[in-house]
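This report covers a ligand site and the pockets of one protein. Look at the model first, then read on.

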Amino acid sequence: MYPISNQELYEWCKVPVNELLDHPKRRIPLRLVEDSAEMGMLMAREFADDIRLANAEGRPFRAIVPCGPKAWYEPFVKIINEESIELTNLTVFHMDECLDWEGKLLSRKDPYNFRSFMETHFYGGVRPELAVPHKQRYFPVPSAIETIKSRIAEAPIDLTLGGWGQDGHLAYNQARRHPYSSITVEQLRNSEIRVQDNNLDTIIALAQRTYGGAYQFVPPMSITLGMRECLSAKKIRIYSDTGAWKQTALRVALFSGETAEYPMTLLQSHPDALLTATLETAAHPIAEHPEWEINGVQV
Ligand SMILES: N[C@@H]1[C@@H](O)[C@H](O)[C@@H](COP(=O)(O)O)O[C@@H]1O
């Protein structure tokens, strides 16, 4: 594994946000948007346009779709309904799902039940005659691992849409922090749909966002599509509007070599991957405080 030194990390974090787009050492395409509303609209518009084009060309469209970022569902449903875009040729592979400590599905009303969220906000408001047929909706559940693996493998995926986590996780492909079992970048790249424990930092990040810090209520396990499935798409579009928790991961994704410590660095070797961040997510406290002297870096 390529280990990131604090010096390197500091150099990446101190780049002012207005220098990111033209930075000569940036390793992956980046787009900046003003705020969450602009990002949600863009995400919705591009996905809807891709589906419309596939419909016009008589092609099926197969997408890996995330639960989060949250800003795009409302504009997406509005575009589909107002422009009468048929979703009947769309196949959706949902990216991940949260599980309880035994690897079981959560209550339908748990705020971390991604399926419930998607059924309400993604499928819910679409006019019935335009809807994605139920047999083309694949929710990741432990009992369907082999089915989903083979459905994904049987034809190309057109688009992976997603966000990223505080450790640069894509779907729930987190940094592997197991004390006895490490993985190489190649193992991460070839990882497939699986059930796993979530990392403690993921649990704390989610507790801060949702539960006022009550990590006790955050689901400790997940099922996720692997990097192999996510990276297999012809096109990958990853977005974030969630600010502070994602700022360092973005800097690593832009400037680091591939490392299993930040899974989204593997997007660099994809021929058509694009990151989109709000200005807040692209900013960094270290860039805003060049006067700070940090132990282990300058002293
Ligand atoms: N495991 C999920 C990802 O699948 C999702 O893409 C990401 C981004 O969502 P948000 O931008 O709302 O944090 O959240 C979680 O980490």
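## Residue classes

Ala, Val, Leu, Ile, Met, Phe, Trp, Tyr, Cys and Pro count here as nonpolar. Asp, Glu, Lys and Arg count as charged. The others, Gly among them, count as polar. The structure itself is a predicted model.

By these classes, the lining of the largest pocket divides into 16 nonpolar, nine polar and four charged residues.

## The largest pocket

The largest pocket holds about 490 Å³ of space. Its lining is made of 29 residues. Nearest the centre lie Cys-67, Gly-68, Leu-206, Arg-209 and Lys-246.

The largest share comes from α7, with five residues.

## The ligand and its shell

For His-169, a polar side-chain atom lies 2.6 Å from a ligand oxygen. For Thr-242, a polar side-chain atom lies 3.3 Å from a ligand oxygen. Ala-171 uses its backbone: a polar atom there is 3.2 Å from a nitrogen atom of the ligand.

How much of the ligand's accessible area does the protein cover? On its own, the ligand has 390 Å² of accessible area, and the protein covers 95% of that.

## The second largest pocket

The second largest pocket has a volume of about 330 Å³. Its lining counts 13 residues. Ala-175, Arg-176, Arg-194, Gln-196 and Asp-197 lie nearest its centre.

Two elements, α6 (185-189) and β7 (194-197), each supply at least two lining residues. Which one gives the most? That is β7, with three residues. By class, the lining of this second pocket divides into three nonpolar, six polar and four charged residues.

Terms used:
Residues are numbered from 1 along each chain as its sequence is written. This is a predicted model: local features need pLDDT of at least 70, side-chain atom pairs count only at pLDDT 80 or more; totals for chains, interfaces and linings use all residues. Side-chain values use heavy atoms; hydrogens and water are left out. A polar contact is a pair of N or O atoms within 3.5 Å; within protein, one must be able to donate a hydrogen and the other to accept it, and residues adjacent in sequence count only if both atoms are side-chain atoms. Accessible areas come from the Shrake-Rupley method with a 1.4 Å probe; for residues, only the protein chains shown count as cover. On a 1 Å grid over the protein atoms alone, a cavity is a set of points where a 1.4 Å probe fits but cannot get out, and a pocket is an open set with protein on both sides within 12 Å along at least five of seven lines; lining residues have an atom within 4 Å of a point. Grid points are joined across faces, edges and corners, and a volume is the space filled by probe spheres set on the points. Helices (H or I, at least four residues) and strands (E, at least two) are DSSP runs, numbered from the N terminus.
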